[in-house]
Amino acid sequence: LRTQPIPERLLPLVHQQLDALATQQYIWQGQAWPGQAIEWIIEDPEHDGEDGEQTEQNWNTTLRLTLPRLGSVEAQLHLTPAGVALRLRTDDTATMSALDARAAELASALEAANLKLTGLVVERQHD
(Lines give C-alpha, C1' and ligand atoms only; values in the text may rest on other atoms or scores of the structure.)
Protein backbone atom coordinates (compact mmCIF):
# COMPACT_ATOMS: atom_id res chain seq x y z
CA LEU A 1 0.00 0.00 0.00
CA ARG A 2 1.44 3.33 -1.06
CA THR A 3 0.59 6.48 0.90
CA GLN A 4 0.47 9.92 -0.61
CA PRO A 5 1.87 12.98 1.17
CA ILE A 6 -0.67 15.29 2.78
CA PRO A 7 -1.36 18.30 0.56
CA GLU A 8 0.14 21.53 1.98
CA ARG A 9 -3.28 23.23 2.23
CA LEU A 10 -4.58 20.44 4.54
CA LEU A 11 -1.67 20.47 7.01
CA PRO A 12 -3.26 23.02 9.40
CA LEU A 13 -6.43 20.90 9.57
CA VAL A 14 -4.46 17.71 10.21
CA HIS A 15 -2.47 19.40 13.00
CA GLN A 16 -5.70 20.71 14.55
CA GLN A 17 -7.23 17.21 14.53
CA LEU A 18 -4.09 15.67 16.06
CA ASP A 19 -4.07 18.33 18.81
CA ALA A 20 -7.74 17.58 19.58
CA LEU A 21 -6.98 13.87 19.88
CA ALA A 22 -3.98 14.52 22.13
CA THR A 23 -5.79 16.93 24.49
CA GLN A 24 -9.21 15.21 24.28
CA GLN A 25 -10.75 18.67 23.98
CA TYR A 26 -12.75 19.83 20.98
CA ILE A 27 -13.63 23.47 20.30
CA TRP A 28 -16.27 24.63 17.85
CA GLN A 29 -16.83 28.29 17.02
CA GLY A 30 -19.70 29.34 14.83
CA GLN A 31 -23.18 30.79 14.89
CA ALA A 32 -26.05 29.36 16.93
CA TRP A 33 -28.35 31.41 14.67
CA PRO A 34 -27.61 34.29 12.29
CA GLY A 35 -25.66 36.97 14.14
CA GLN A 36 -25.28 34.88 17.32
CA ALA A 37 -21.68 33.79 17.79
CA ILE A 38 -21.05 30.81 20.05
CA GLU A 39 -18.04 28.91 21.29
CA TRP A 40 -18.56 25.29 22.37
CA ILE A 41 -15.84 23.31 24.15
CA ILE A 42 -16.26 19.58 24.60
CA GLU A 43 -13.98 17.55 26.84
CA ASP A 44 -13.83 13.94 25.77
CA PRO A 45 -14.39 11.72 28.83
CA GLU A 46 -11.87 9.06 29.72
CA HIS A 47 -13.35 5.73 28.70
CA ASP A 48 -10.86 3.45 30.43
CA GLY A 49 -9.37 3.61 33.90
CA GLU A 50 -5.71 3.06 34.66
CA ASP A 51 -6.11 -0.71 34.76
CA GLY A 52 -8.24 -0.84 31.60
CA GLU A 53 -11.59 -1.05 33.41
CA GLN A 54 -14.53 1.04 32.29
CA THR A 55 -14.83 4.21 34.37
CA GLU A 56 -18.04 6.05 35.16
CA GLN A 57 -18.97 8.31 32.26
CA ASN A 58 -18.61 11.98 33.20
CA TRP A 59 -19.00 14.51 30.42
CA ASN A 60 -17.97 18.18 30.55
CA THR A 61 -18.81 20.91 28.12
CA THR A 62 -18.68 24.71 28.10
CA LEU A 63 -20.78 27.14 26.04
CA ARG A 64 -19.85 30.81 25.68
CA LEU A 65 -22.13 33.32 24.02
CA THR A 66 -23.46 36.85 24.26
CA LEU A 67 -27.25 36.98 24.44
CA PRO A 68 -29.36 40.04 23.54
CA ARG A 69 -30.97 40.37 27.00
CA LEU A 70 -28.43 38.67 29.28
CA GLY A 71 -25.14 39.79 27.76
CA SER A 72 -22.04 37.59 27.95
CA VAL A 73 -22.74 34.20 29.56
CA GLU A 74 -20.57 31.14 30.04
CA ALA A 75 -22.25 27.87 30.95
CA GLN A 76 -20.21 24.89 32.14
CA LEU A 77 -22.08 21.60 32.28
CA HIS A 78 -20.89 18.51 34.14
CA LEU A 79 -23.00 15.49 33.22
CA THR A 80 -22.85 12.28 35.28
CA PRO A 81 -25.18 9.29 35.60
CA ALA A 82 -26.71 11.10 38.62
CA GLY A 83 -27.65 14.21 36.60
CA VAL A 84 -26.21 17.53 35.50
CA ALA A 85 -24.40 20.24 37.47
CA LEU A 86 -24.24 23.74 35.98
CA ARG A 87 -21.88 26.64 36.60
CA LEU A 88 -23.13 29.86 34.99
CA ARG A 89 -20.81 32.85 34.76
CA THR A 90 -21.49 36.43 33.75
CA ASP A 91 -20.07 39.88 34.47
CA ASP A 92 -23.50 41.52 34.71
CA THR A 93 -25.09 41.72 38.17
CA ALA A 94 -28.63 41.91 36.75
CA THR A 95 -27.96 38.79 34.67
CA MET A 96 -26.68 36.96 37.75
CA SER A 97 -29.91 37.86 39.57
CA ALA A 98 -32.07 36.78 36.62
CA LEU A 99 -30.28 33.43 36.35
CA ASP A 100 -30.59 32.83 40.11
CA ALA A 101 -34.29 33.77 40.06
CA ARG A 102 -35.05 31.17 37.38
CA ALA A 103 -33.08 28.28 38.95
CA ALA A 104 -36.21 26.42 40.13
CA GLU A 105 -37.76 26.76 36.69
CA LEU A 106 -34.60 25.33 35.10
CA ALA A 107 -34.60 22.41 37.55
CA SER A 108 -38.25 21.68 36.70
CA ALA A 109 -37.57 21.78 32.95
CA LEU A 110 -34.64 19.40 33.36
CA GLU A 111 -36.72 17.03 35.53
CA ALA A 112 -39.41 17.03 32.81
CA ALA A 113 -36.68 15.88 30.40
CA ASN A 114 -35.74 13.12 32.90
CA LEU A 115 -32.49 14.84 33.90
CA LYS A 116 -31.83 15.78 37.52
CA LEU A 117 -30.14 19.10 38.34
CA THR A 118 -27.49 18.04 40.86
CA GLY A 119 -26.02 21.51 41.36
CA LEU A 120 -26.25 25.08 40.12
CA VAL A 121 -23.79 27.88 40.76
CA VAL A 122 -24.21 31.39 39.36
CA GLU A 123 -21.10 33.54 39.72
CA ARG A 124 -19.23 36.56 38.42
CA GLN A 125 -17.09 35.67 35.42
CA HIS A 126 -14.16 37.98 36.22
CA ASP A 127 -13.24 38.96 39.77
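Residues count as buried under 20% relative accessible area, as exposed over 50%, and as partly exposed in between. These classes are applied below to a predicted model.

The protein has 127 residues, and buried residues make up 20% of them. Its accessible surface comes to about 9400 Å². Carbon and sulfur atoms account for 55% of that surface. The secondary structure consists of three helices and six strands. Along the sequence, the elements follow the order α-β-β-β-β-β-α-α-β. Contacts were also examined by sequence separation. Among those between residues at least 6 apart in sequence, 34% join residues at least 24 apart.

Six salt bridges are present in the structure. A network of salt bridges links Glu39, Arg64, Glu74, Arg87, Arg89 and Glu123. Within this group, Arg89 has salt bridges with Glu74 and with Glu123.

In the pair formed by Arg89 and Glu74, the closest N and O atoms are 2.8 Å apart. Arg89 belongs to strand β5 (residues 83–90), and Glu74 belongs to strand β4 (residues 71–80), so the bridge ties together parts that are 15 residues apart in sequence. Arg89 has a relative accessible area of 19%. Because the limit for burial is under 20%, Arg89 counts as buried. Glu74 is buried as well, with a relative accessible area of 7%.

The side chains of Arg89 and Glu123 also meet in a salt bridge, at 2.8 Å from N to O. This pair links distant parts of the chain. Arg89, at 19%, is buried.

Another salt bridge joins Glu105 and Arg102. Their closest N and O atoms lie 2.8 Å apart. Glu105 has a relative accessibility of 49%. Exposure requires a value over 50%, so Glu105 counts as partly exposed. Arg102 also has a relative accessible area of 49%, and this residue is likewise partly exposed.

Notes. Residues numbered from 1 in each chain as written. Predicted model: local features only at pLDDT ≥ 70, side-chain atom pairs only at ≥ 80, totals over all residues. Heavy atoms only, no water. Helix = DSSP H or I, 4+ residues; strand = E, 2+ residues; numbered from the N terminus. Buried < 20%, exposed > 50% of the residue type's maximum accessible area, 1.4 Å probe, protein only. Contact = heavy atoms within 4.5 Å. Areas by Shrake-Rupley, 256 points an atom, 1.4 Å probe, with all protein chains shown as cover. Salt bridge = Lys/Arg side-chain N within 4 Å of Asp/Glu carboxyl O.
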